[in-house]
Amino acid sequence: MMTSLLPFKLVYHERYDLNLGPHVFPSQKFRLIYEMLLREKIATEQDFLRPHPASDEDILRVHTPDWVKKLKTGTLTASEIMLLEVPYSPELVDAVWLAAGGTILAAQSALRDGFGSNLSGGFHHAYPDHGEGFCAVHDVAVAIRKLQADGAIRRAMVVDTDVHHGNGTAAIFRDERSVFTLSIHQLNNYPAYKPPSNLDLNMDDRVEDDEYLDALVPAVQKALDKFQPEIVFYVGGADPYCEDQLGGLSLTKEGLKQRDLRVFEETRHRGIPVATTLAGGYAFRVEDTVEIHVNTILAARDVARAFPSASAARS
Ligand SMILES: [Zn+2]
């Protein structure tokens, strides 16, 4: 009997694959991340939880009945598919319902263990009534609304480090005082229209590690102290990487790992649980994208080990 290796749970399902075929979105990355975690002996099967698909009730706390029906019946219009920028398939719909269930499960695990990591999700471009930019269902918003409906939390914060602005997140929670949205992204990049987050950190083209971290870390510290969330959702984009095809920032792999570590240290010192999701990652070599996502898990592990109990870390 293999024992677990991590102080928190990873959430994975083999049907996370978005079934895109040849596409700039490497939808095999979910499986490759899972396999790397096992191969490198970072995790064993014991470290994984298997999600159920989110219920339609969960999805409908965020999305309109019309959009949910279109997804489930395959009746998207041509312009809706163009905005989504991925081919429609029933497998895609299964995958995003599973991803939302996975982010719910990761968040519930985080409330118990301090961290919880969904090896999918971070579909931050999805709006209530349509999808955009490879994102059909906003898993993080679904999880926040589910935890709130269950009375598990009141206040949540989203820290979104994908190179692209978290437009769906900002739009969904624009008038919601119980959710604080922070996005650090390249200003001169998709999406063209960026509805305001509570805090937008707009990076110029080709910003490097130090400048990025100097903007992010103090902003996270200040936001955590002011807003005092009961959970943070960390949308861990791999696409601020210097060799990303859809990103225009110049972070190194080490800089990206520092990004994860520094944010997790700040949350841990304050005793705030963190649910992590993936997000974009379009490196020329898919192995780089996989490694950057795996490094987010390693950062959470290292912070959890360095500060074994959140309450001890706080004192
Ligand atoms: Zn992105």
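**Close-up views of helix packing, pockets and backbone details**

Helix α8 (residues 209-227) gives the most to the lining of the second largest pocket, contributing five residues. The model shown in every view is a predicted one.

**View A. The second largest pocket.** This pocket holds about 160 Å³ of space. Its lining is formed by Phe180, Asn198, Leu199, Ala219, Lys222, Ala223, Lys226 and Phe227. Five of the lining residues are nonpolar, one is polar and two are charged. Helix α8 is the element that supplies the most of them.

**View B. The largest pocket.** About 220 Å³ of space lies in the largest pocket. Its lining comprises 22 residues. Those nearest the pocket centre are His125, Gly133, Phe134, His164 and Tyr282. By class, the lining has ten nonpolar, eight polar and four charged residues.

**View C. The largest cavity.** Empty space of this kind is located by rolling a probe the size of a water molecule over the atoms. Lining the largest cavity are Asn118, Leu119, Gly236, Thr276, Thr277, Leu278, His293, Thr296 and Ile297. Strand β8 (274-277) and helix α10 each provide at least two of the lining residues. The largest share, three residues, comes from α10. The lining has three nonpolar and six polar residues, and no charged residues.

**View D. Packing of α9 against α10.** Two packed helices are described by the angle between their axes and the distance between the axes. Helix α9 (residues 253-269) packs on helix α10 (residues 286-306) at an angle of about 30 degrees, and the axes are 9 Å apart. Because of this angle, α9 is roughly parallel to α10. The crossing of the two helices is right-handed. On the α9 side, the contact residues are Lys253, Leu256, Lys257, Arg259, Asp260, Leu261, Phe264, Glu265 and Arg268. They meet Asp288, Glu291, Ile292, Asn295, Thr296, Leu298, Ala299, Ala300, Asp302, Val303 and Ala304 in α10. The contact of α9 with α10 has nine nonpolar, two polar and nine charged residues. Thr296 takes part in this contact and also lines the largest cavity.

**View E. Packing of α1 against α10.** The axes of helix α1 (residues 29-39) and α10 come within 9 Å and cross at roughly 60 degrees. The crossing of α1 and α10 is right-handed. From α1, the contact involves Lys29, Leu32, Ile33, Met36 and Leu37. From α10, it involves Val286, Thr289, Val290, Glu291, His293, Val294 and Ile297. Sorted by class, the contact of α1 with α10 comprises eight nonpolar, two polar and two charged residues. Glu291 of α10 meets α1 here and is also among the residues of α10 that meet α9. His293 and Ile297, which belong to the α1 contact, also line the largest cavity.

**View F. Packing of α5 against α6.** Helix α5 (residues 90-113) and helix α6 (residues 139-149) pack with their axes 8 Å apart and at an angle of about 50 degrees. The two helices are therefore oblique to each other. Their crossing is right-handed. Residues Ala99, Ala100, Thr103, Ile104, Ala107, Gln108 and Leu111 of α5 make the contact with Asp139, Val140, Val142, Ala143, Lys146 and Leu147 of α6. Nine residues of the contact of α5 with α6 are nonpolar, two are polar and two are charged.

**View G. The cis peptide bond at Pro191.** Most residues other than glycine have a negative phi, and most peptide bonds are trans. The peptide bond from Tyr190 to Pro191 is cis, and its omega is near -5 degrees. Pro191 sits in the loop between β5 (179-186) and β6 (199-203).

**View H. The positive phi of Arg206.** Arg206 is not a glycine, yet its phi is positive, at about 65 degrees. Arg206 is located in the loop between β6 and α8.

Methods:
Residues numbered from 1 in each chain as written. Predicted model: local features only at pLDDT ≥ 70, side-chain atom pairs only at ≥ 80, totals over all residues. Heavy atoms only, no water. Axes fitted to C-alpha atoms, helices over the stretch in contact; angles between N-to-C directions. Helix = DSSP H or I, 4+ residues; strand = E, 2+ residues; numbered from the N terminus. Parallel < 35°, antiparallel > 145°, perpendicular 65-115°, else oblique. Left-handed = near helix turned anticlockwise from the far one by under 90°. Contact = heavy atoms within 4.5 Å. Nonpolar A, V, L, I, M, F, W, Y, C, P; charged D, E, K, R; others polar. 1 Å grid on protein atoms, 1.4 Å probe; cavity = no way out; pocket = protein on both sides within 12 Å on 5 of 7 lines; lining within 4 Å. Points joined across faces, edges and corners; volume = space filled by probe spheres on them.
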